[in-house]
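Welcome! Please take a moment with the sequence and the 3D view below before reading on.

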Amino acid sequence: MSKQLTIQGLQCERGERVLFSDLSFTVEPGQLCHLNGANGSGKTTLLRTIAGYTLPYAGTVSWNEKPATLSNSSYTQAYRYVGHQNGLKKSLNARENLEFFQQLYGLNASSDSVTSALETLKINDKSQLSIRDLSQGQQRKIALARLLLGSSDLWILDEPFTSLDLASRNLIENLMQQHLHQEGSIILTTHHPLVNIPSGSIHVIELDRE
Amino acid sequence: MSFNWFKYSSPASFYGISHSIIKAASGIAIILCIVGLYWGFAKTPDILTDQKEYYRILFIHVPAAWMSMWLYVTLVFWAVTGLIFNTRLSYMMAAATAPTGALFAFLTIWTGAFWGKTSWGVWWDWDPRMTSMLILLFIYIGYIALQNSIADTRRADRASALLALVGVICIPVIYLSINCPDPYQCAALHQQSSLKQIEKNILIAMFIMLFATWAYSFAIITHRLRSIILEREKRTQWAQDIVRDKA
Amino acid sequence: MLKRDLLLAVRNYNDVLIGLFFFIVVVALIPISLNESTQILPRLAPGLVWIAALLSSILSLARLFEEDHADGSLDLILSSGSVYQCVLAKVAAHWLVTGLPLTLISPLIGLAYNLHGEQLSTLFMSLLVGTPVLSCIGAIGAALTTGLRSGSSIIALIVLPLNIPVMVYGAAAVRSSINSPDNVMTYLLLLTAMLIIAVVFAPIATAAALKISND
């Protein structure tokens, strides 16, 4: 079974403005799809459409040749979405937040896997602090720790490197590299250059219309 | 032989035929209204049981009440059609129906107040049927308010459609709770309105007026729909052509 | 999941108290404004207490999904397989921090309105069964208006008419405990039926509304 994301003839609008139309591409396993485009070109909308949150005005998104919508549970379990917002509760600590995500992803509550995710991201020492007391970059890392809970095939990332320092960016890139190696796929937007990922596995989509 | 049912569900092709619909429906509405009112004033007895001439307000009151309820049913029909088939025109139909429905609910209450003052001596009584109509008006207003408070058209359409659907599920319960606050002894309605007891000419005039309000609703809703279509499709070539031709 | 929402609510305990005191203030203001003798209060009590409960429930509803929408966790909830459970947990938490405290304090309010004995327990029971329905139906309105600037005022407009049956039968239960105690059980059963229907179906509508609002 090929774990392939197919976008076909997609059209999205925002506030009566057509962002893009007739957009078609595929993301194969082991491939990283980098969405490029100026502010307001519809990158976030495209990612939200792929994740099923926003309905397209025309066209389809499919996963394994089945419609990729929120009601397709085999699809929603296959991807991890990290959007602009971190999705963290400010008054809970990192561990409590991640344990909640485990429940959402239908995983068994396991504090070990939470610990290992936090350790991989080198943030385990902060796990008992309220999110409120962490820096923007630390919060971002905890949001990205979701990617390491359980296994997933597709990562949908909206500006994952925002407010991360150089060391953390390299760390995340290495994780992406590992994910691609394990036949996972990634679709992301970012303004930071991807330095550690071989350009052979990067597939660039330009969203700017001329 | 195949007939494309969805052909007229596209706003562009609907817009094309809508003008003749409006003309025909408003013509019918005017004729029926004249006939109905003439019949209601000239052919009917001056006294209905213990009520004098003022009972004739029922020629507005009853059709308005029926239409306000019927229009809610059509509104929900269009809303559900929109949610299922995702057709833009259905949402626009629902949006165009709501103000007319609200207007009729208001007219029902208003004319009812006059009738109540003359026959019961009060402008308003918390009689179950009056309360039901008031709540129907509230539900219309909630629908319109929600629709207007959401800037994004598609979200507004879908959210208000869902509200209309929830409303229609709640309406029977609301109706029951108002009519039967005491389940052992349902409150006596207005009065038993048995159509058979009513004098034949009154009935005829009432039904003519019912068709008149129906034709009026058809015309005015289609008219409103045209405006909504033009507003929402203003980016498209055909809508721009129409506006340019008019100018 | 319920634990998480409760934890969140408890860490923002201010909200719980605001809802409760709003209820108490409304209920206390009415006898003051009427300036009536205590004779008439038992007759007013059923309706007034129920209206105050309804208003207090709506007061806190506007924020039910607002935070989840703003911080992005609504996305994650909607794409999880457990939207229904999450919504149910949210509604349950809402009831536990608004409806339940108000129910617990209602016998005291009843005493202040000159109710006694059987009437107090009926007031308590009717609120116990009825206020969760208010939370369930209210959640639909909250979900529909999530992320809107004028959300909180629209919610009232949408939710109040839909809550009429709960209010009518809730108040009728208390009223009949004064006039005809035999009928009390009928009303409580009617409210229970509404509760069951609301718990089963309202979260479905709420989840659908959240998907629309999160578009």
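## How to read the model

This is a predicted model, in which local features need pLDDT of at least 70 and side-chain atom pairs count only at pLDDT 80 or more, while totals for chains, interfaces and linings use all residues. Residues are numbered from 1 along each chain as its sequence is written, chains are lettered from A and ligands numbered from 1 in the order in which they are written, and side-chain values use heavy atoms, leaving out hydrogens and water.

The predictor's confidence in each residue is given as pLDDT, on a scale from 0 to 100. Chain A has a mean pLDDT of 89, with 98% of its residues at 70 or more. Within chain A, confidence is lowest in helix 4 (residues 111-120), at a mean of 87, and highest in strand 7, at 94. Helices (H or I, at least four residues) and strands (E, at least two) are DSSP runs, numbered from the N terminus.

## Two domains in chain A

Chain A splits into domain 1 (1-78 + 153-210) and domain 2 (86-152), with bounds that come from an automatic or database domain assignment. Their centres, taken over C-alpha atoms, are 23 Å apart. In contact here (heavy atoms within 4.5 Å) are 16 residues of domain 1 and 11 residues of domain 2 of chain A. The two domains bury about 1100 Å² between them, and carbon and sulfur atoms give 68% of that; buried area is the accessible area (1.4 Å probe) that two parts lose on being put together, summed over both. A:Trp155, A:Leu171 and A:Leu175 supply 37% of the area that domain 1 buries against domain 2, more than any other three residues.

Between these domains there are four residue pairs in polar contact, both residues being at pLDDT 80 or more. A polar contact is a pair of N or O atoms within 3.5 Å; within protein, one must be able to donate a hydrogen and the other to accept it, and residues adjacent in sequence count only if both atoms are side-chain atoms. On the domain 1 side, strand 7 (154-158) and helix 6 (166-181) of chain A are the elements that give two or more residues. Helix 6 of chain A gives the most, with five residues.

## Where chain A meets chain B

Eight residues from chain A and six residues from chain B make this contact. About 660 Å² is buried between chain A and chain B, 32% of it on carbon and sulfur atoms. A:Glu16, A:Leu55 and A:Tyr57 supply 73% of the area that chain A buries against chain B, more than any other three residues.

## Where chain C meets chain B

Here 27 residues of chain C touch 27 residues of chain B. Chain C and chain B bury about 2300 Å² between them, with 73% of it on carbon and sulfur atoms. In chain C, the residues that lose the most area to chain B are C:Leu144, C:Leu162 and C:Ile212, together 25% of what that side buries.

Which residues pair in a salt bridge 3.1 Å from N to O? The side chains of B:Arg154 and C:Asp215 do; a salt bridge is a side-chain nitrogen of Lys or Arg within 4 Å of a carboxyl oxygen of Asp or Glu. B:Arg154 lies in helix 5 (residues 153-179) of chain B and C:Asp215 in the segment after helix 10 (184-213) of chain C, so the pair joins two chains. Two salt bridges are found across the interface of chain C and chain B.
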